[in-house]
Amino acid sequence: MTVLSGTGLTRLYGDPCGDCESLTGDDAGRNRCPACGTIVACADVSLDIERGEVLGVVGESGSGKSSLAELLALERGEGHSRGSVRFDGYEGNLLESDYDTRTRLRNDDLALVHQHIRDGLTLSFSGGGNVAEKPLAAGERSFEAVRERVRSLFEQLEVPVDRMDDPAETYSGGMQRRVQLARALVTDPAVVVLDEPTTGLDVSVQARVLDTFRRVQRERGVAAVVVSHDLGVVRLLADRTLVMRHGRVVERGLTDRILEDPHHAYTQQLINSTL
Ligand SMILES: Nc1ncnc2c1ncn2[C@@H]1O[C@H](COP(=O)(O)OP(=O)(O)OP(=O)(O)O)[C@@H](O)[C@H]1O
């Protein structure tokens, strides 16, 4: 059953001339319109996410992954946005929804894990406080119940519970990532969008954080969109994968199929450069 779908998702930065999309993309080999200089960060991307599945979005830096993640997570961002985002249980195109609908969706059903820790956490607050803030904002009244939920998520995600009241700025990078994940999961959303979840972590810490996320994601049956330049991340987490280049999806399919039998030359290049 589809929980989140995007159709024709497009984001342009600049003052578009009308020819930007036909003059950019994979065939043109660029994302910057030669006529007017507008950046076509992503264009005409359509996708569906089923309940409980993980969809990977992979591509080199600048291919449009974060722009797509922001559209899916209903972050307004800069630039001109177009297309439609639908979410199970909500009416209409959510890119055009009002502030209250977006807030309700973000508090209850859809969470974004930002690429940069500072965009996702208030580092001077306690780790537990960063996580508790979300259910309290969503209207939860019992402080004790919230604290218990935070404690249990810390345990699941392997953040030391005895550090819960320490400022997040005193945590290691791996712990801060885990707290970000706890914050995303605390309201039991149906979908989590993770933008480059391993930025700033060394390889062994990356693997541990991703393993923990995969286990908790399966236990909770939460769907996820995982955006990464790193094929290793997508290989570990994603059931299906989209490959992006110059703002367009150039290949899509089951992750195993893409890794074993990549059709597009760019995907082959990505795989070869990883091995
Ligand atoms: N606010 C902005 N103003 C102008 N151009 C932007 C803006 N944000 C992104 N871009 C451009 O849009 C294109 C896509 O950027 P985006 O961040 O979506 O790609 P990405 O694949 O996530 O890259 P990265 O992995 O480096 O974050 C890039 O060419 C980028 O320079």
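Residues are numbered from 1 along each chain as its sequence is written. Because the model is predicted, local features need pLDDT of at least 70 and side-chain atom pairs count only at pLDDT 80 or more, while totals for chains, interfaces and linings use all residues.

Helices (H or I, at least four residues) and strands (E, at least two) are DSSP runs, numbered from the N terminus. Two strands are taken to pair if DSSP finds at least two bridges between them. An open sheet of three strands has the order S2-S1-S4, with antiparallel pairing. Its edge strands, each pairing on one side only, are S2 and S4 (80–87). Strand S1 (residues 2–13) is joined to S2 by eight bridges, and Thr2 has Glu50 in S2 as its bridge partner. Helix H1 packs on this sheet and touches S1, S2 and S4 (contact: C-beta atoms, placed from the backbone, within 7 Å). The direction of H1 makes about 125 degrees with that of S1 (axes are lines fitted to C-alpha atoms, for helices over the stretch in contact, with angles from 0 to 180 degrees between N-to-C directions).

The ligand is surrounded by 14 residues (C-beta atom, placed from the backbone, within 6 Å); the closest are Tyr13, Ala41, Ser61, Ser66 and Ser67. Strand S2 (39–50) and helix H1 (65–72) are the elements that give two or more residues to this shell, and H1 supplies the largest share, three residues.

Strands S8 (residues 240–245) and S9 (residues 248–254) run antiparallel and are joined by six bridges. Arg240 stands opposite Leu254 in S9. The two strands form a hairpin with two residues between them, and His246 in the turn has a positive phi of about 45 degrees.

Conventions
Two residues are in contact if their C-beta atoms, placed from the backbone, lie within 7 Å.
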